Amino acid sequence: MCIIDHDMRQIVESAKLAFVATVCDDGSPNLSPKESLLVYGDEHLAFMHMASPTTAADLRRDPRIEINVVDFLKRRGYRFKGTAQLRPPGDEVYEWLRQWVVDTQGPQFPCREAVLVRVERALPIASPAYMFGDAHEAELIRWWSQIYGLR
């Protein structure tokens, strides 16, 4: 079964930053940014636990997770809900992701363990500009690129 489609893959890659929500032991939410989120096959996402002791502790106790990824220029993205598993050094997912971290961010970042997320549900996230305006993606990219001084 293919839950993660081509567009979702493109958004994850282009966004470069994701936000992971877990449940703290008191039931409150924990939100943590992740720069290492990658698609792993058709049903999984993965990220590296580098400096997220609360996220890791939350997932050991309660594996439910939500990941939000939005391409800030396109003003759209996805909300992925699922369950997580922590993968230690030596595990195939860990080694694959560790190599990506070393290749793209350098060896100075600690790679404590990988988090493999089985995506059970994926829902789109879109700016109100898509719903209430007549904006198109190319126009939004142009507009926000100018605002951020990117072009």
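Q: Helices (H or I, at least four residues) and strands (E, at least two) are DSSP runs, numbered from the N terminus. Which element gives the most to the lining of the largest pocket?
A: Welcome to a predicted model, where local features need pLDDT of at least 70, side-chain atom pairs count only at pLDDT 80 or more, and totals for chains, interfaces and linings use all residues. Residues are numbered from 1 along each chain as its sequence is written, and side-chain values use heavy atoms, leaving out hydrogens and water. A pocket, on a 1 Å grid over the protein atoms alone, is an open set of points where a 1.4 Å probe fits, with protein on both sides within 12 Å along at least five of seven lines; lining residues have an atom within 4 Å of a point. For the largest pocket, the most lining residues, three, come from helix 1.

Q: How much space lies in the largest pocket?
A: Helix 1, strand 3 and helix 3 (92-105) each bring at least two residues to its lining. A volume is the space filled by probe spheres set on the grid points, which are joined across faces, edges and corners. For the largest pocket this comes to about 270 Å³.

Q: Which residues of the lining are the closest to the centre of the largest pocket?
A: By class, the lining holds eight nonpolar, one polar and five charged residues. Here Ala, Val, Leu, Ile, Met, Phe, Trp, Tyr, Cys and Pro count as nonpolar, Asp, Glu, Lys and Arg as charged, and the others, Gly among them, as polar. Of the 14 lining residues, the closest to the centre are Val-12, Glu-13, Leu-37, Leu-38 and Trp-100.

Q: How many residues of each class line the second largest pocket?
A: About 200 Å³ of space lies in the second largest pocket. Its lining includes Leu-17, Pro-33, Lys-34, Met-48, Gln-105 and Phe-109. The classes divide into seven nonpolar, three polar and two charged.

Q: Which residues does Gln-105 touch, not counting those up to four places away in sequence?
A: Gln-105 sits in helix 3 and is one of the residues lining the second largest pocket. Contact means heavy atoms within 4.5 Å. With sequence neighbours up to four places away set aside, Gln-105 touches Glu-35, Met-50 and Trp-100.

Q: In what order do the strands of the sheet lie?
A: Strands of a sheet pair through backbone hydrogen bonds, either parallel or antiparallel. Two strands count as paired if DSSP finds at least two bridges between them. In this model seven strands form an open sheet with antiparallel pairing, in the order 2-1-5-6-7-4-3. Pairing on one side only, the edge strands are strand 2 (29-34) and strand 3 (38-40).

Q: How many bridges join strand 6 to strand 7?
A: Strand 1 and strand 5 pair over four bridges, while six join strand 1 to strand 2. Strand 5 and strand 6 have eight. Between strand 6 and strand 7, where Arg-76 stands opposite Ala-126, the number of bridges is 12.

Q: Which residue takes a positive phi in the hairpin of strand 5 and strand 6?
A: Two bridges show how these strands line up: Ile-67 is partnered by Phe-80, and Val-70 by Gly-77. Four residues lie between the strands of the hairpin. The residue there with a positive phi, near 60°, is Arg-75.

Q: At about what angle does helix 1 run to strand 6?
A: Axes are lines fitted to C-alpha atoms, for helices over the stretch in contact, and angles run from 0 to 180 degrees between N-to-C directions. Helix 1 (residues 6-15) lies across strands 3, 4, 5, 6 and 7, and its angle to strand 6 is about 85°.
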